[in-house]
Amino acid sequence: MKTLEMKTLALTGNESGAEAMRQIDPEVVAAYPITPQTELMHKFAEFAADGKVATEMILVESEHSAMSACVGASAAGSRVMTATSSAGLALMWEIVYVAASNRLPIVMPVVNRALSAPINIHCDHADSMGCRDSGWIQLYSEDGQEVYDNIIQAVRIAENDGILLPVMVTFDGFIISHTMARVDVLPDKAVRKFIGERTPLHPLLDVNKPVTYGPLDLQDYYFEHKKQQAEAMRSAGAVIKAVGKEYGELSGREYGFFDEYLTSDADFIILALGSTAGTAKAAADELRSAGEKVGVLKLRVFRPFPAEELAAALAGARAIAVLDRSEGFSGIGGPVFQEVRSALYRRYQIPVSGYVYGLGGRDINVEMIASIYGDLKAGRYHEDKAAHFGVRE
Amino acid sequence: MALNLKELSKKRELLSPGHRACSGCGSILAIRQVMMAVEGPVVVGFATGCMEVVTTVYPYTAWRVPYIHNAFENVAATMSGVETAYRAARKQGKISEDVKFIAFGGDGGTYDIGLQSLSGAMERGHDLLYVCYNNEAYMNTGIQRSSSTPFAAATSTCPVGDVELGKTQHSKDLTAIMAAHDIPYVAQATPHNWRDLIGKVKKALAIRGPKFINISASCFRGWRLPPHLSVDVSRLAVETCFWPLYEVENGEWKLNYKPKEKLPIAELFKLQGRFSHIFEEANRELLDQAQAFVDRKWEDLLKRTGDKVQKVLA
């Protein structure tokens, strides 16, 4: 199938997200300001004010109400979106779980920012990693192009009748949200056709078939409902892959669970999420030209966690470094480190070295990544406890 | 439909029998009366609380209309979302019915934890009626004090002890706070005067925009009251001017009922075990303080409404 002609734009990550939202034209958007997500909603509000979308905006008084309104509107039958960062996501927390547990296909860009205290507006993944167990699908984006592509795919994944789970599309605050880069966008009509109309299963607004949302569910049924939810998350992998393939046929950019860069013959692989994967690729390029067999695995889908496929992709490596942009405070290492190690357990005997880096927006560069490859080559592993990397001692 | 008992008795109940409310529950009476006022399609939302729990124990529901419960503090925001989705669907021609929206919360979910959500929804102007069933404490979780609990009342978290004698603060005037939002309609009601209550709900539902009705509803468990007195106690709340019946329509304050003879607050409190300590001789000062507060609030109200009684004309 011939891919469609794109329009090439120069957009910040936030503008890229807003552009995807313009094309999706959700029926309801609830919004509350928080840095660094603000510009995404500024841009989208301009689209609404100019009549470029038919969206009804709910300009709420808090993120808690933003997610609450999203739950109401999505249960009512609308296609619904919001966006947030950091403390905003933390304030939503309770209702983030309600959204997933009521199987409401809400799509939410999360512009990653550190959590307080101390207050810090810059990037780390503490916010979205903190709600990794909330029942939302999580897609991490490396750059503005992926922000755009992931948001469009998220609508299809979330609204799949066999899944019906909300999706978080994350991207790094400031590093991606405020950096202008090339984004190839699909024609509006192609996006509308790709996502189709939402056909809600039991909308609250079907007044002739009244339904009760959110009943009290005790010992005799709650567990069964949680199992169904877990099964939906397990089934989501196949849908994410199918949607990624179909999107590839449309755009020429196919998406899977992760992106393998020079890994097929690599001895040493660095696994990273978000913008750091781009930095790691640059480091791998430099080391490859010096003859080192190194590669990068960029994880896109963190929930559901693609354990089996990921383990297979890492199987040939001599050692792996996992970079976590959140602490986790487990005393062991960050959440990605623990999931990767668990995925390899009893499958492959490969050393996994954990690094916690970049908290509160602390920079990471090509030389730093190269030094991690150096650690792996020298057999200096952080297997039992992840290292804090790039921090003053 | 004429507002009389004969006609109401023929009406299909939207809240069906078989729910699990206590016999003698004032809140379920209030909600039943609210639903009796509804004509045509309606979506209801509930904050977490007694009435949510007793009407929807999975796999059963007492609701014959679409119903959503989200969490404790957010029924107003949740119903903002439902109402906005409705406007979006209307705009796209996906729905043609004229649908009404009612959010219900107890005093905990309305006066306290849900106040921000309520204020936001009212300020944004959603076409939504918010009904507080106010039983003056957190009854669902075991009778803890709320900002609606009256002065001197004993609760699980402000019990009568050797040093403390029940709640030390007066209740918050939420109805006035909602009136200060300058929304089109605000009212107080109680289920003993069903004609007034149903009339107010009918009137509210006929108005476009945000509306708020605060209903005093007894809880015999929390108030330490014989269950058969749950309606009488509402009448006494009005006759003592503890809970005046009034409405604020587009900024105009109207008194809907004035007792011929204002009864002392003791008449209301003496029925309720939560106030028994204030009738001990050593604690009479508490009763005086409670009376003084009611007197001041009543005088304030009369300044706003005038002496003239205006019946609710829905």
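**View 1. The interface of chain B and chain A in the predicted model.** Together the two chains bury about 3,100 Å², with 61% of this area on carbon and sulfur atoms. B:Tyr58, B:Pro66 and B:Arg124 supply 18% of the area that chain B buries against chain A, more than any other three residues. The contact involves 39 residues of chain A and 42 residues of chain B.

**View 2. Polar contacts and salt bridges between chain B and chain A.** Five salt bridges are found across the interface. One of them joins the side chains of A:Glu56 and B:Lys91, at 3.0 Å from N to O. Residue pairs in polar contact number 18, both residues being at pLDDT 80 or more. On the side of chain B that touches chain A, two or more residues each come from helix H3 (50–55), strand S2 (67–69), helix H4 (75–91) and helix H6 (115–124) of chain B. H4(B) gives the largest share, 11 residues. By class, this side of chain B has 20 nonpolar, 14 polar and eight charged residues.

**View 3. Strand pairing between the chains.** Strand S9 (residues 212–213) of chain A pairs with S2(B) in the parallel sense over two bridges. B:Ile68 in S2(B) stands opposite A:Tyr213.

**View 4. The open six-stranded sheet of chain A.** The strand order is S10-S12-S11-S14-S15-S16, and the pairing is mixed. Strands S10 (258–261) and S16 (387–389) are at the edges with a single partner strand each, so one side of each has no neighbour in the sheet. From one strand to the next, the twist averages 25 degrees. Strand S15 (residues 352–357) pairs with S16(A) in the parallel sense over three bridges, and A:Tyr357 has A:Phe389 as its bridge partner in S16(A).

Notes: Residues are numbered from 1 along each chain as its sequence is written. Chains are lettered from A and ligands numbered from 1 in the order in which they are written. This is a predicted model: local features need pLDDT of at least 70, side-chain atom pairs count only at pLDDT 80 or more; totals for chains, interfaces and linings use all residues. Side-chain values use heavy atoms; hydrogens and water are left out. Two strands pair if DSSP finds at least two bridges between them. Helices (H or I, at least four residues) and strands (E, at least two) are DSSP runs, numbered from the N terminus. Axes are lines fitted to C-alpha atoms, for helices over the stretch in contact, and angles run from 0 to 180 degrees between N-to-C directions. Contact means heavy atoms within 4.5 Å. Buried area is the accessible area (1.4 Å probe) that two parts lose on being put together, summed over both. A salt bridge is a side-chain nitrogen of Lys or Arg within 4 Å of a carboxyl oxygen of Asp or Glu. A polar contact is a pair of N or O atoms within 3.5 Å; within protein, one must be able to donate a hydrogen and the other to accept it, and residues adjacent in sequence count only if both atoms are side-chain atoms. Ala, Val, Leu, Ile, Met, Phe, Trp, Tyr, Cys and Pro count as nonpolar, Asp, Glu, Lys and Arg as charged, and the others, Gly among them, as polar.
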